[in-house]
Amino acid sequence: MTEADAVHARPSLAKRIARGGAKLTVAAVMIAIMVGGISLLQLRAQLADESDAVPPLPVAVAALDLQTGYDLQQRYAGRLEARRSTALAFERGGLLMEVLVEEGDTLGNGQLVARLDVEPLEARRAELMAQRQAVLARLELARITTRRQQALVNQGNASKQRFDEARLEATALEAEVASLDAAIRQLDIDIGKSSLVAPYAGRVAARYSDEGAIVAAGTPVVDLVESAVMQARIGISPTAASSLSIGRDYGLQIEGRTVPGRLVALRPDMATGTRTVSALFDVAAQPGFFLGELAVMSIARRVQQEGFWLPVTALVAGPKGLWTVYTVEQNGEGQAAVAQEAVQVHHVAGELAYVTGSLPPGGLLVMEGPHRIVPGQLVTPQEVAPPTAPSGAQPGTQQGTSSLVLFSAPSLPLPGTAN
């Protein structure tokens, strides 16, 4: 190989410089990666130290107070109806001469409502009276004849047969007079019943016939409803019915007003559709009350079941419609940590819920803000006043084995709740 060829075979200076620069670049990149990794590890360690330095979250807790039971207020609704309602009709048919009332009129006991034409009855009565006078005349003659025959028989101048004929003729005429008297009495009754009167004080609810109509016996002319006293018919549960007393006054809610209602009857049968017992209350009629209006009553009863009152804000929805709550307990290191307990909601009254479950009496319950914590989290408990059980006595209640209240606390649509 010549000297010129050797020179061409050696790499040029530019190539050697480029190769050296590439090596230096790779080394610089490797050094930068190592430095970045070390910095990242230091940053993570610093963040871990700072997180350990964050104090536990403060939470409001209260000691659980075990209750023996709760007062359950149940609302029942019914309707106002007339205590007495009658479709007034004539006992006999005839021509309707006069109707003296209109719909909505107020009637007194015994007030005249309508009249039938009584002219045919009066004519028949006059005819019977004339017949009676004729029979009385024949009866008088038969009695005189009987006395004369009696005298002749006693003297031996007449046969006993003639005497018996006269005596029995008088007896037959007496019976005919009695029959005519009965027929006249019946006509007097029919004439009296041709006037339709109100059997009690009330109001006319409907009018069916007008003057000039030929009405048959029993055809309604007007509907009369009692106005002085109304009746509330309310369906209640058999358990609630057993706590009521006949003759006792209870408060009813009608048109936003509280009125007394006297329990007059409890039906012995049960409605098959609603499985309730009908309770009948007499209510004094007041202005603004109309038949068919809604009447509401609430009955409070004691449910004997051990449990706890807690605010609904402490409840946490669980799977399948279940409910849980958070409590604060000491962990193995003596620190306050969050624990989770399952509960069952039995009743809701306002902002409070009555629950049962695995809660320990006297344990610390997280009262609010359960969404901010998770089980096992360290917290700082801050004790507050425990919830107070809602009072069962409200205005309008009746004291006794069962009290009637006018309004019940609103209920929340909680899964698994028995109201």
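**Notebook: salt bridges and one glutamine**

I noted the rule: a salt bridge is a side-chain nitrogen of Lys or Arg within 4 Å of a carboxyl oxygen of Asp or Glu. R84 lies in the loop between β2 (67-82) and β3 (85-89), while E226 lies in strand β10 (residues 220-226), and the two are 142 residues apart. Helices (H or I, at least four residues) and strands (E, at least two) are DSSP runs, numbered from the N terminus.

The model is predicted; local features need pLDDT of at least 70, side-chain atom pairs count only at pLDDT 80 or more, and totals for chains, interfaces and linings use all residues. Residues are numbered from 1 along each chain as its sequence is written, and side-chain values use heavy atoms, with hydrogens and water left out.

**Accessibility of the pair**

Is E226 buried or exposed? E226 counts as buried because its relative accessibility is 6%. R84 counts as partly exposed, at 38%. The cut-offs I used are under 20% relative accessible area for buried, over 50% for exposed, and partly exposed in between (1.4 Å probe, protein chains only).

**Second pair**

I then looked up R207, which forms a salt bridge with E102, the closest N and O atoms being 2.9 Å apart. This pair also links distant parts of the chain: R207 is in strand β8 (residues 202-207), E102 is in the loop between β4 (94-99) and β5 (106-107), and 105 residues separate them. R207 is buried at 17% relative accessibility, and E102 is partly exposed at 46%.

**Third pair**

Next came D188 and R125, a salt bridge with its closest N and O atoms 2.4 Å apart. D188 sits in helix α4 (residues 160-192) and R125 in helix α3 (residues 119-155), 63 residues apart. D188 has a relative accessible area of 28% and so is partly exposed. R125 is partly exposed as well, at 28%.

**Network and total**

Which residues do salt bridges with shared partners join into one network? They are R83, R84, E226 and D282. My search of the whole structure gave 17 salt bridges. I reminded myself that side chains of opposite charge can pair when their charged atoms come close.

**Q149**

Last, I looked up Q149, which is placed in helix α3. Q149 is buried, because its relative accessible area is 9%. Leaving aside neighbours within four places in sequence, Q149 is in contact (heavy atoms within 4.5 Å) with A158, R162, F163 and A166.
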